[in-house]
Amino acid sequence: MADKSVKKVTKNDIVDRVHESTKIEKKILQDAFEGIIEEFKKALKEGATVELRGFGTLEPRLRNGRDKARNPKTGEIITVEPHYVAAFRAGQDLKKALLEIPVEKK
C-alpha cells in the first residue's frame, strides 16, 4: 500500500507542472487534458482497450454479479448485477520506474 505521507497529484497539479515546463497557456492545457479523459471514457464505454505505450493499458473488464453481497456501510444484504469496471495494467516502463522508488526498511 502507498505511503500515506505521499500527497495526491490532481489534474490541476499536472496542468500546473506541464504549464511550468512548457509555458503553454493553462486553459489550453486544461481543455486538452479534459478532452483526452473524455476520449478515454468514450473508448472504454464502447468496449475498446486504451493503450498508452510506455505507460499502461486501460480496458473494460466484466465483473460477475452476486446474489448475496453486503453493503459495507449498512450491512444490508444486496444483489449485485454483472457490470463493467475500468482495469489498468501498468506497462514495462512504468513498472521499471516504480522499481526505482526507495523502500524504507521497518
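Phe-55 counts as partly exposed, at 43% relative accessibility. In this predicted model, Phe-55 forms a tilted aromatic pair with Phe-88. A second topic of this briefing is helix H1, which spans residues 11–22, and its crossing with helix H2, which spans residues 26–45.

**The aromatic pair**

- The count of aromatic pairs comes to 1.
- Phe-55 and Phe-88 make up this pair, with 5.5 Å from centre to centre and 50° between the planes.
- The pair ties together parts that are 33 residues apart in sequence, because Phe-55 lies in the loop between strand S1 (50–52) and strand S2 (56–63), while Phe-88 lies in strand S5 (residues 83–90).
- Phe-88 is partly exposed, and its relative accessible area is 40%.

**Helix H1**

- H1 has 12 residues and reaches 16 Å from its first C-alpha to its last, which is close to the 16 Å expected at 1.5 Å a residue.
- Lys-23 follows H1 and has a positive phi, near 65°.

**The crossing of H1 and H2**

- Two packed helices are described by the distance between their axes and the angle between them.
- The axes of H1 and H2 come within 10 Å and cross at roughly 130°.
- This angle makes H1 oblique to H2.
- The crossing of H1 and H2 is right-handed.
- On the side of H1, the contact is made by Lys-11, Asn-12, Ile-14, Val-15, Asp-16, Val-18 and His-19.
- On the side of H2, the contact is made by Lys-26, Leu-29, Gln-30, Phe-33, Glu-34 and Ile-37.

Key
Residues numbered from 1 in each chain as written. Predicted model: local features only at pLDDT ≥ 70, side-chain atom pairs only at ≥ 80, totals over all residues. Heavy atoms only, no water. Helix = DSSP H or I, 4+ residues; strand = E, 2+ residues; numbered from the N terminus. Expected span 1.5 Å × (residues − 1). Phe/Tyr/Trp six-rings, centres within 6.5 Å; stacked < 30°, edge-to-face > 60°. Buried < 20%, exposed > 50% of the residue type's maximum accessible area, 1.4 Å probe, protein only. Axes fitted to C-alpha atoms, helices over the stretch in contact; angles between N-to-C directions. Parallel < 35°, antiparallel > 145°, perpendicular 65-115°, else oblique. Left-handed = near helix turned anticlockwise from the far one by under 90°. Contact = heavy atoms within 4.5 Å.
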